[in-house]
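This report starts from a single residue and then widens to a sheet and the whole chain.

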Amino acid sequence: MKITKRQKTWADLDTAKTYSFAEAIDALRPFASKKFDETLEIAIRLSIDVTKADQNIRGMLSLPNGTGKKVRVAVFTNDKADEAKKAGADIVGGEDLIEKVASGQIDFDRVIATPDMMPKMSKVARVLGPKGLMPNPKLGTVTNDVAAAVANAKAGQIEYRAEKNGIIHAGIGKMSFPTEKLVENANALVDQLKKVKPASTKGQYILGIAVATTQGPGLHIDAK
């Protein structure tokens, strides 16, 4: 694989060192793209077995400083359409929206549905499910309070979900954010994961943490 000019500059970065969040973010700044506002990505490896139901960690978290990302929200509802639109939903519909999604029209990042729509949503479960977009009552995306759900999504709420190897990936803000705000967001996610630590997990829970920009190098964080 050909090494780009940008990647060659990474040689000046000590990737073997263990950093604090603030140190890592400041170290990454000179290597962030000047062409667009990159996202700070975080990866947290947990000592969990996701094949066990009680260790399959998944949830929603409102970051204290948001993500800086514009989120397009689709609401599947009949009776709450006006409420959803007033709250700022980008796409609102009932059976008509289900038909559009079934045909492959997906122009949104988050899906919210009222409970009465869920039996009908089975038609698009195979379309939305693999993309992680299927509404879920445990995540607060199946609710009659669509205004609050839309507001949370627009304000920078993220979903965290353990992947096969027990790794949580998430975007926690833009590199244009002040370092302290990115640190607050990172700590908020770490604190949340500690709160939902499965009782059956023994020994060290957080095995490793790394941060990287969208197209940049990754740095290891002191997990302690």
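Thr 18 touches His 220, Ile 221 and Asp 222, once neighbours within four places in sequence are set aside. Contact here means heavy atoms within 4.5 Å. Thr 18 belongs to strand β1, residues 18-19. Strands are DSSP runs of E with at least two residues, helices are runs of H or I with at least four, and both are numbered from the N terminus. Thr 18 also lies 9.3 Å from Ala 210, C-alpha to C-alpha, although 192 residues separate the two in sequence.

Is Thr 18 buried or exposed, or does it fall in between? Its relative accessible area is 48%, so Thr 18 counts as partly exposed. Buried means under 20%, exposed over 50%, and partly exposed in between, with a 1.4 Å probe and protein chains only.

The model is predicted: local features need pLDDT of at least 70, side-chain atom pairs count only at pLDDT 80 or more, and totals for chains, interfaces and linings use all residues. Residues are numbered from 1 along each chain as its sequence is written, and side-chain values use heavy atoms, with hydrogens and water left out.

Now the sheet. Three strands form an open sheet in the order β5-β4-β6, with parallel pairing. Strands β5 (91-93) and β6 (110-113) are at the edges with a single partner strand each, so one side of each has no neighbour in the sheet. From one strand to the next, the twist averages 15°. Two strands pair if DSSP finds at least two bridges between them. Strand β4, residues 73-76, pairs with β6 over four bridges, in the parallel sense. One of the residues involved is Val 73, whose bridge partner in β6 is Arg 110.

Helix α7, residues 146-154, lies across β4 and β6. The helix runs at about 165° to β4. Axes are lines fitted to C-alpha atoms, for helices over the stretch in contact, and angles run from 0 to 180 degrees between N-to-C directions.

The table turns to the whole protein chain.

| Property | Value |
|---|---|
| Helices and strands | eight helices, ten strands |
| C-alpha box along the principal axes | roughly 55 × 45 × 35 Å |
| Buried share of the 224 residues | 44% |
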